[in-house]
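The following note sets out a few points for a colleague to check. Please read each point beside the sequence and the model.

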Amino acid sequence: AGESAALSRELSDFLIEFSIGLQKYAIYPPGHPMLGTTSADLHRRLEALLKERPALSLGVARHQLITDDSNPVLRELAVRRHRHHLGAGKVSQGVTETELNDMLATVSVDAGRLPRPLGLEGPEVLTQWPHTRLYSMTFAQLQLIEEHPSADPLSDDSMKSTGSGSR
């Protein structure tokens with residue numbers, strides 16, 4: 001964990017705020033004023049991060065984000081996503097507040113309250129947003145490949161799972 005492996009302050013702050021926002025979506029009912037403020041703030045931070053990069057990818061291990069394991073709020077984010085069998089997520093430039101709001105509302109539902117975790121659902125659930133993708137936890141088959149600068153940041157070539165997807 002040298003300096004080169006450290007998260008930027010902006011990215012770290014966003015991830016903490018994202019985790020707290022996800023908790024708010026789990027607590028408050030749809031339409032609550034707190035959720036509108038939360039999604040607006042997150043969208044503003046995300047837009048600033050996406051000005052510097054075409055997309056933001058986030059990998060998840062059982063109890064930690066692949067990028068950081070020292071923050072308890074980020075640990076809770078990793079645990080929540082792991083329960084949903086989500087191994088990674090990606091947001092690209094052009095994401096709207098409405099899209100972010102809908103993704104937060106979807107992922108914030110406790111995995112135990114659904115018929116099955118989100119990561120076990122098909123592409124109609126995991127790829128339902130134009131600028132946001134969720135990737136199921138199939139690490140044995142997950143490939144992270146370098147993107148060509150002109151490539152679509154959400155194409156299946158930027159993060160893909162090969163094979164049948166059986167678990």
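Helices (H or I, at least four residues) and strands (E, at least two) are taken as DSSP runs and numbered from the N terminus. The model is a predicted one: local features need pLDDT of at least 70, side-chain atom pairs count only at pLDDT 80 or more, and totals for chains, interfaces and linings use all residues. Residues are numbered from 1 along each chain as its sequence is written, and side-chain values use heavy atoms, with hydrogens and water left out.

1. A salt bridge is a side-chain nitrogen of Lys or Arg within 4 Å of a carboxyl oxygen of Asp or Glu. By this rule there are 4 salt bridges.

2. In helix α2 (residues 33-50), R44 and D41 are 3 residues apart, which means a separation of about one helical turn. Their closest N and O atoms lie 2.4 Å apart, in a salt bridge. R44 is exposed at 53% relative accessible area, whereas D41 is partly exposed at 27%. (Buried means under 20% relative accessible area, exposed over 50%, and partly exposed in between, with a 1.4 Å probe and protein chains only.)

3. Helix α1 (residues 9-27) holds both D13 and R9, 4 residues apart, about one turn of the helix. Their side chains form a salt bridge at 3.6 Å, N to O. D13 is partly exposed at 24%, and R9 is exposed at 63%.

4. E121 and R116 are joined by a salt bridge of 3.4 Å, N to O. E121 is partly exposed at 22% relative accessibility, and R116 is partly exposed at 39%.

5. G59 belongs to strand β1 (residues 55-59) and is buried, at 16% relative accessibility. The C-alpha atoms of G59 and G87 are separated by 5.9 Å, although the two residues are 28 residues apart along the chain.
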